[in-house]
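Please read the following walk through the structure with the model open beside the text.

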Amino acid sequence: MNKLFCGIDIGLKNFQFHAMDQDGNAIGKNKHYPNNIPGMNRLVDDLNDLMGKWDNPQLFIGMEATGLYWFPLYYGLQENEHIQEWKTSLIVMNPKLVESFRGAYADVDKTDAVDAAIIADRVRFGRGVAPQYVHDDVYLSLQRLTRFYLHLTQQQTNLKNYASSYLYLTFSEWIRTKPFSDRYSVTATKLMKKFKSAEDMTELTVDDLQELLVDFSHNHFKDPLEKAEELYQLAEDSFSVPQGIIDSVHLLVKQTLQQLELIDKHLNRLKKRMEKLMKGINHPLLSIPGISHVTAALLIAEIGDVFRFPSEEKLAKYAGLTWRRKESGNFRAEETFMTKTGNVYLRQAFLTAAQSLVNHNEEYQAYYQRKFQETPRHAHKRALSLTARKLVRLIYAMLTKNQLYMTPAERAKQNQEVKQENQTADSVVKNDIADEVEDVKPFKSNKK
């Protein structure tokens, strides 16, 4: 059967199309279409003409998963009746596959037309190319929420660092000593908004500052007088700065704090929406000590249907939590590096979950400590990555078996019970066989 290979390079306004036969010869000229429904329909019409001329060949269409520009066109082609009738293979590829394949060409231009031809040739080459998994609607919706959640948390971290750098100018001891466990708690934020500088705080008495702490925290502190005295001392120990910059710096700090409050509201709304979507997905991950609703949502959103991975090794490779061997002759490198070639969001989710388990799960805390002691260099990063790799095996087993988490003691007890059941079953079988042997009378011959 003839095969027709097509490549599509997608941009915001247009997409470029290139077709070639199974020998790599271009079919017609490159064409570009507007990236909308009329453009997609024109592409399908041109494909219809090609299919007629080539006596209905097997059709392969490849495109890169760059940003989100590819998805509307991919979804539209997937739902098109002609594409379905031709039993087309729609292949969405990781851009890294295409970029590495470009190195096989000697001195080629970087244009949309060339990119479309390289994509088509990469599909024709075939080796290592598999259609990228596209989630169902529920997983896609959850994935958009979780990725935006990560985006907001990164913005939150940047804003906190920005506010801290400016706050150091007007209240240096506040940043140097961190008087509150959460520097941006409700009480701390109210104090930062009220006082322009450390010198401004020293104009109050300790008793006045104590009343403010009781009011701002709703009497949360066990000893508000002690905390007031601590803050007053920090204010006296802080550097003084020129009066001309205090108002400007305080305005920057206040506006940054207001942005942080807005981000907190958005994050809470996202959490509620994610929890609502997660209720429609059957999974046992929340039974793991240290796994929160948000972490479980991050993992589920990127993994999707776990049965698309034939083994936990494939899941680990998809997350980029694998290490390449480096050997040459009799040489074998002792230090290997993580591949980091998989889904960056899933890898981040596993590392975040691993850190949480190190803090709240005795089994994983002991494993982390053991690996930390074994590693001579980059001890924390290496131990945390290995802990995340161990977590991949656990999550894969739990999702495929739909089984709740069990502690090592519970697993040992279950294994012992299974072993005893097997021994009992073997004993029963042996007794039955012995009874059957006794019931059989030996045959005696009458012959002399």
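The largest cavity in this predicted model holds about 70 Å³ of space. Counting cavities of 30 Å³ or more gives 1. The lining of the largest cavity is made up of Leu167, Thr170, Phe171, Trp174, Leu191, Met192, Phe195, Lys196, Ser197, Ala198 and Met201. Helix 6 (137-170), helix 8 (186-194) and helix 9 (198-202) are the elements that contribute two or more residues to this lining. By residue class, the lining of the largest cavity has 8 nonpolar, 2 polar and 1 charged.

The next stop is further along the chain, where helices pack against each other. Two packed helices are described by the angle between their axes and the distance between the axes. For helix 15 (residues 344-360) and helix 17 (residues 379-401), the axes come within 8 Å and cross at roughly 100°. An angle of 65 to 115 degrees counts as roughly perpendicular, so helix 15 is roughly perpendicular to helix 17.

Which residues in helix 15 and helix 17 meet? From helix 15 come Phe350, Leu351, Ala353, Ala354, Gln355, Leu357 and Val358. Their counterparts in helix 17 are His380, Leu384, Ser385, Thr387, Ala388, Leu391, Val392 and Ile395. In this contact of helix 15 with helix 17, 11 residues are nonpolar, 4 are polar and no residue is charged.

Helix 15 also packs with helix 16, at an angle of about 105° and with the axes 6 Å apart. Helix 15 and helix 16 are therefore roughly perpendicular to each other. On the helix 15 side, Leu357, Val358 and His360 take part, and they meet Glu362, Tyr364, Gln365 and Tyr368 in helix 16. The residues of the contact of helix 15 with helix 16 comprise 4 nonpolar, 2 polar and 1 charged.

Lys371 lies in helix 16, which spans residues 362-374. Is Lys371 buried or exposed? Its relative accessible area is 18%, and because buried means under 20%, Lys371 counts as buried. Leaving aside residues up to four places away in sequence, Lys371 touches Ala383 and Leu386.

Conventions:
Residues numbered from 1 in each chain as written. Predicted model: local features only at pLDDT ≥ 70, side-chain atom pairs only at ≥ 80, totals over all residues. Heavy atoms only, no water. Axes fitted to C-alpha atoms, helices over the stretch in contact; angles between N-to-C directions. Helix = DSSP H or I, 4+ residues; strand = E, 2+ residues; numbered from the N terminus. Parallel < 35°, antiparallel > 145°, perpendicular 65-115°, else oblique. Contact = heavy atoms within 4.5 Å. Nonpolar A, V, L, I, M, F, W, Y, C, P; charged D, E, K, R; others polar. Buried < 20%, exposed > 50% of the residue type's maximum accessible area, 1.4 Å probe, protein only. 1 Å grid on protein atoms, 1.4 Å probe; cavity = no way out; pocket = protein on both sides within 12 Å on 5 of 7 lines; lining within 4 Å. Points joined across faces, edges and corners; volume = space filled by probe spheres on them.
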